[in-house]
Amino acid sequence: MPILDVKGVHVNFPFEPYPCQLDYMNKVIECLQNGVNGVLESPTGTGKTLCLLCSSLAWQESKKAQCELNRQVSVSQLLGSSADNLTNKTIDGIAKGLESATGKSWGGTDFDVPKIIYASRTHSQLSQVVQELKRTAYNSVKMSIIGSRDQLCIHEQVKKEQNNTNKVHMCRAKVNNRTCYYYNHLESLKNNTEPRVLMGNVVDIEDLVAYGQKNKACPYYLARELKSDADIIFMPYNYLLDPKSRKAHGIEISGNIVIFDEAHNLEKICEDSSSFDMKPGDLATAIEEVNRLMEKMLQSESGTDIDESQANVGPDFELSDLLKLKAILIDLEEAIDKIDVPKNDKGINKPGMFMFELLSQANVNFENKDIIIDTLDKIVSYVTTDASAAGSGVTKGAGLMKMSDIFKIVFSQEAASDMLNLEKISRHYKVHLQRDDKGNKKKQMDLWTNSSAAEKSGKTLSYWCFSPGQSMKNLQQYGVKCIVMTSGTLSPLGSLIAEMQIDFPVQLENPHVIQKHQFWIGTLKQGPDGTTLNSNYENRFKTSYQASLGNCIVNFSRVVPNGLLIFYPSYTVMEKCLEHWRETNIWSRIEQYKQIFVEPKSKGVLNDVMNDFYSKINDQSLNGAIFIAVCRGKVSEGLDFSDINGRAVVITGLPYPPYLDPKVVLKMQYLDELKMKDGFQTILGKEWYKQQASRAVNQAIGRVIRHKDDFGAIILCDTRFAGSDSIRQLPVWVRSYVNKYETFGSAMKDIMFFFKNAEKLMPAPKPSKKSSSNCTGAYFVPTTTRTGSCGKLNAQPAHNVIQHVPSLKHKDNSVTNDKLREAYRGGQSSSSSVSQKSLFSALDQSEKNNRDVAGDQILSLQANSMTTEMRKPTNKKRIIIKKRSNGTDKVTTDISTEVSSTVSMSSVNTAENFIAEIKSTLSGDSYKLFTRTLIDYKKNENFDKCVETLASLFTEDINTHHLFAKFYRFVRPHHKERYHNICKELTGLDTGYRPEDTVNKKRIQEAVNTGHESDAKRLKVDWDSKDKKDNNKTNTASSSTNHGASVHTLIPSTSFSNKENNNKNNTHDATVQEPSTSTSGVENKPKKYGPAKSGYKCVLCEKDAKIPFISQCEHVCCMNCWKQVFDGDKLCPACKLRVRRRQLTQLHFQLSDT
């Protein structure tokens, strides 16, 4: 590793640095040497984290050497040892060299080495930094990482708590009472060995948890022990910015260095950490919790209804404390109710001082705030640690926690008694009150509960901080020597520095390490049809704009290889646009080239969606995928789309904050007021409003180019991006390379040329371990046209074997049908089969790849002439899905070896519309359950379990009965008759069942393809139902559409089970039986199943319980009746004992065979 001399500091760097990396390390060391603040921007992929770690730790080593030298000199002076002039000169020379490296601002006689506090936004980002540290020459420094109990606690009981505050109080109670085995064992280990010896120097959260689980020691308190002797400490932002959190974790910042990495969101985090919104339900819940505690304490004093287990638990507060607290909360509620708020959406605004005046009416002020907060914390701790303290409620102190946090935020600043200082603090805050009458109208997330406190209508009280500089000033007041803010996207720096309200003498906007041929950026003013691309408020919901933007994406998906990212300004704009695409054929045209993934609002579902996206990208049989997200969302804030995961990013508009949002309005007013006052260097409200959009765009742009060998395109699809003001707000590394296009065709021409040139010049990314790709060039042809390029047969089960047979027959005569059967039975696998996650995947993939592309020719003549040859490769035939014939169609008696290639778009749209309807009907969790059920059914064919889940999803509401019936088309052939009977019983709807639907057509097609026409003809059955009446259409095997006409269909006599057919080696020796009669003269009817009955009788409605639940008192009710119980008195209808939702257990029933 080369040793670099950077401003007198010897930096051990892993490789020869780029010029921009040297500049970055120079600026970091300049901040440390001079003890000044710095704001440094370096694009993602320039090695920012590596430079930051190496330079700061190298400076710290120099500081360590200087402090050690000072100690040695001091010791020698105390001992009175004499030294010759030569030794003195040597020591003086070393001291001057170290002072030059460390900086004169620190002084030359210090004995303490400053710690480096490295803060980032999330624990996952910190883990990446620790992994980077392990790969450097400084992997022997002593470090510690501070995490929450969410990440570090391994106690089984504490981990079960959903709320982090509950975990904190429960953990503290167990530690104080010495009832936590893991903490006690850690204390015993500390008596024998130092924690640093146990763990080593560089440890991550995963290392701490693994050690704790292996040795039964508490990782949380072990991390705190490691902090005492650490040279560098890693922690999230909020642990550092909140004074109360710093005190709780024992974080000392005086005389130390603070580094904020990924600081592009720092100003918002500073503001949010000092703000709150108190809804009417929060205050009502707190009062209700106090009432329950008072009742419990009164019962305890009277000695009635107290268990022995409860009697041993004593609260750390008196009944009088509860009475005083209740009076305060009631007074506060009355004071808020007295405020007149107009009945409109705007509400009223008050200055920050109004909050202190409001709380004083409830007798809450600086004199007694510590007592009130301490009482609240004691109550919350008691409620969360004592299972019986919450009574019959389920809030577990949530309302009291909220009130405690509110009081801590309002009185977070240790204000002096003089009114002048209080006014200085409060002018950075605004109070907003707004009516909240929507509580009764909103649908509750939990259908089993009906809390009156949660539905209480009233006023929402908001206390908003608009000065992130307050947190920065607080750090400086506590003695932080140096603050370094850095990120990949901080531009524009002017507004950021102005809002922080502290000096940043050192500033840097670094270029990128990539070359010009590795990226392309352009602005588009028009779509392919000439419609102006402008996503402003007046234009964003017009169908003409949405259609034109969709046509742009269709064309981009053709020419952009691998991953394509699309960012919308907001969720509302995204949802409306995607809805229009689904209603038209735009969605299907896009998916003809790439599958679409959409960013979910739920954080828990995002990981699953991202994994599916990555799997499609790595599937070499596909053309990549599209991920649609929003600016400022979870995807745009830090997910990795390097290399093939993201070859282009499309920004569809400027993501301005909501202009009429009360918080945005007050923020702009605050900046305007601050600008007019002397002594404040800040920006106007309108400038801040524009720069918020620019910073969000820059963050989204940073998702594409992730390292020096990456390449990608940046497409700005909004005419406003072409303005000079917008271009000036872009990152410095793209600012001078923006191409402006008046027509769509010219832009497409350059995009295609860029990708073709980049793939020639840039090294190919490392192939995936799962599969490899033989495709080259800028254009990736659709999946169906690349079947023969792989050289190896990769057959996979599809909805219908016929879809694949023609192409296989014509392309490779050496591929026998025996091999085909072996592949379909699992003998061979393909990369695409691994990625398919649902029952619809085979059908869905075939449908997506066979849409009519005639409507896609919307490029300009110039672009169209260049891409027609690539888009439509020669000598390729499309596989077409033939529409399923209905019961009235006549099947010919002759079996033809030719398969029709005519397609009906109606069947394609039917399957796609059904899937889309399922997604729009079910909630996120229900849809995940639906998907898991289909995967299990496809793999294990567990029909009873599948039907049980589908019934719970679609039969409770009459509006979803049709979805249960529509699912019939995806049921295995040997299950179709049973499914039809169940659907009839549960919903009363007809699935369209026909006896011939139970035929396994795969055997018939195999007979056709192998040329055994005689075997195929022997499989024909003539059902003559001319003189028969269809008395029971759902349970008989005979059907007729025309009297006097004979309907012919293909029915094998063997079992209809797919497993049975697949396990038979000889499929051509099947015998045929007449379904109308048997040899004994008795009619051979299919097996008949009775109605789906659970066998349990509901004790409330006295009917058969379709979805039965049993309580602990062993009484059974159906789900609807239990809902009525929980909406009412919550008493069992039979024994009148109190029942809780978590005590119910679902009873799984089986179908009766009659």
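At what angle do helix α39 and helix α40 pack, and how far apart are their axes? The views below are of a predicted model, in which local features need pLDDT of at least 70, side-chain atom pairs count only at pLDDT 80 or more, and totals for chains, interfaces and linings use all residues. Residues are numbered from 1 along each chain as its sequence is written, and side-chain values use heavy atoms, without hydrogens and water.

**View 1. Packing of α39 and α40.** Helix α39 (residues 924-940) and helix α40 (residues 943-954) pack at about 160 degrees, with axes 9 Å apart (axes are lines fitted to C-alpha atoms over the stretch in contact; angles run from 0 to 180 degrees between N-to-C directions). α39 is therefore roughly antiparallel to α40 (an angle over 145 degrees). Helices are DSSP runs of H or I with at least four residues, numbered from the N terminus.

**View 2. Residues in the α39 and α40 contact.** On α39 the contact (heavy atoms within 4.5 Å) is made by S926, L929, F930, T933, D936 and Y937. On α40 the residues are F943, K945, C946, T949, L950, L953 and F954.

**View 3. The loop residue E941.** E941 is found in the loop between α39 and α40. Its phi is positive, about 55 degrees, although E941 is not a glycine. E941 is buried, with a relative accessible area of 17% (buried means under 20%, with a 1.4 Å probe and protein chains only).

**View 4. The loop residue D643.** D643 lies in the loop between β17 (625-630) and β18 (648-651) (strands are DSSP runs of E with at least two residues). Phi of D643 is positive, near 55 degrees. D643 is partly exposed, with a relative accessible area of 21% (partly exposed lies between under 20% for buried and over 50% for exposed).

Note on methods:
Angles under 35 degrees count as roughly parallel, over 145 as roughly antiparallel, 65 to 115 as roughly perpendicular and the rest as oblique.
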